[in-house]
Amino acid sequence: MKGQFDGLTKEQQLEIKMKRVVRLINSLMDGNRDPILRKIYDEFGPRIFRRCSAPADFAEKLFREKMRGKGFKTAVEIGCLNGITAAVMSQYVDVVHTFDIIDWKDKYKIWKFLGVEKKIRFHLIKNELEKYDIINGLDFDIAYVDGNHVNCTWSDYLVTRKCGRIFLHEATHESSQPWELAEALPEKEITKWQFGPKVCSLVYWDNK
Ligand SMILES: C[S@@+](CC[C@H](N)C(=O)[O-])C[C@H]1O[C@@H](n2cnc3c(N)ncnc32)[C@H](O)[C@@H]1O
């Protein structure tokens, strides 16, 4: 698969990275953001937010809009990484089950620092079938599909759709799986957020 830095000089790569940090800092200065993002930034710095959807895509605002005060008990997240979005979601439910194929270590420090570690269950999965087996046995109100966007979006959707409410990340362009899936679902059940032509967008499906 083509990497985003392929063919770029070191200087060009550095410039892109610097712009990202500036964008992150500017976005965190917005007083309407979830305060836990600023707390994480102050303690861990910008690097921890790499590939995290909560700050860059304003996802945390959208989670707040769709989850706060709804009486949801359980959420599922596929693709945990540093656990930042799991921490955001844990504010609106009793428990978040979050899945990953890699046991990234920073999430434990972040969850402890925020005091949310008891509300989050991390599942390190060996393969797709193990993930689906565990999720099949769970009862949950809402899901966030943010794992392997190239191969697994459709199957992650199939296994989580019983809850009736799913956020899909990285519906960035027409050939991406999340985009294809969003196009295939009934239009009236879909909300799309696009934050710019090159900025990842989030889709919310709700058939409840
Ligand atoms: C974009 S990051 C997730 C970011 C996280 N949801 C957040 O917003 O903070 C994608 C993560 O999915 C994990 N991943 C990749 N393939 C996966 C799969 N098949 N099932 C579950 N997780 C997967 C990667 O290891 C990586 O940590």
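User: What's the packing angle of helix α2 and helix α6, and how far apart are their axes?
Analyst: Helix α2 (residues 35–44) packs on helix α6 (residues 106–114) at an angle of about 120°, and their axes are 11 Å apart. Axes are lines fitted to C-alpha atoms, for helices over the stretch in contact, and angles run from 0 to 180 degrees between N-to-C directions. That makes α2 oblique to α6. Under 35 degrees is roughly parallel, over 145 roughly antiparallel, 65 to 115 roughly perpendicular, and the rest oblique.

User: Where does the model come from, and how are residues numbered?
Analyst: The model is predicted: local features need pLDDT of at least 70, side-chain atom pairs count only at pLDDT 80 or more, and totals for chains, interfaces and linings use all residues. Residues are numbered from 1 along each chain as its sequence is written.

User: Back to α2 and α6. Which residues meet?
Analyst: From α2, Ile-36, Lys-39, Ile-40, Glu-43 and Phe-44. From α6, Ile-110, Phe-113 and Leu-114. Contact needs C-beta atoms, placed from the backbone, within 7 Å. By class, this α2–α6 contact has six nonpolar, no polar and two charged residues. Ala, Val, Leu, Ile, Met, Phe, Trp, Tyr, Cys and Pro count as nonpolar, Asp, Glu, Lys and Arg as charged, and the others, Gly among them, as polar.

User: What about α7 and α8, at what angle do they pack?
Analyst: About 20°, with the axes of helix α7 (residues 128–136) and α8 9 Å apart. The two are therefore roughly parallel to each other. Glu-128, Tyr-132, Ile-135 and Asn-136 of α7 meet Ser-155, Val-159 and Thr-160 of α8. The classes there are three nonpolar, three polar and one charged.

User: And at what angle do α8 and α9 cross?
Analyst: Roughly 50°, where the axes of helix α8 (residues 153–160) and helix α9 (residues 177–184) come within 9 Å. So α8 is oblique to α9. Thr-153, Trp-154 and Tyr-157 of α8 make the contact with Gln-177, Pro-178 and Leu-181 of α9. That contact divides into four nonpolar, two polar and no charged residues.

User: New topic, the ligand. How many residues surround the ligand, and which are closest?
Analyst: 21 residues surround the ligand, and the closest are Gly-79, Leu-81, Thr-85, Gly-147 and Asn-148. To be near, a residue's C-beta atom, placed from the backbone, lies within 6 Å. Elements giving two or more residues to the shell are α3 (53–56), β1 (74–78), α5 (84–90) and β2 (95–100). The shell has 10 nonpolar, six polar and five charged residues.

User: Last one. How many helices and strands in the protein?
Analyst: Nine helices and seven strands. They are DSSP runs numbered from the N terminus: helices (H or I) of at least four residues, strands (E) of at least two. The C-alpha trace spans about 50 × 40 × 35 Å along its principal axes.

Notes
Contact = placed C-beta atoms within 7 Å.
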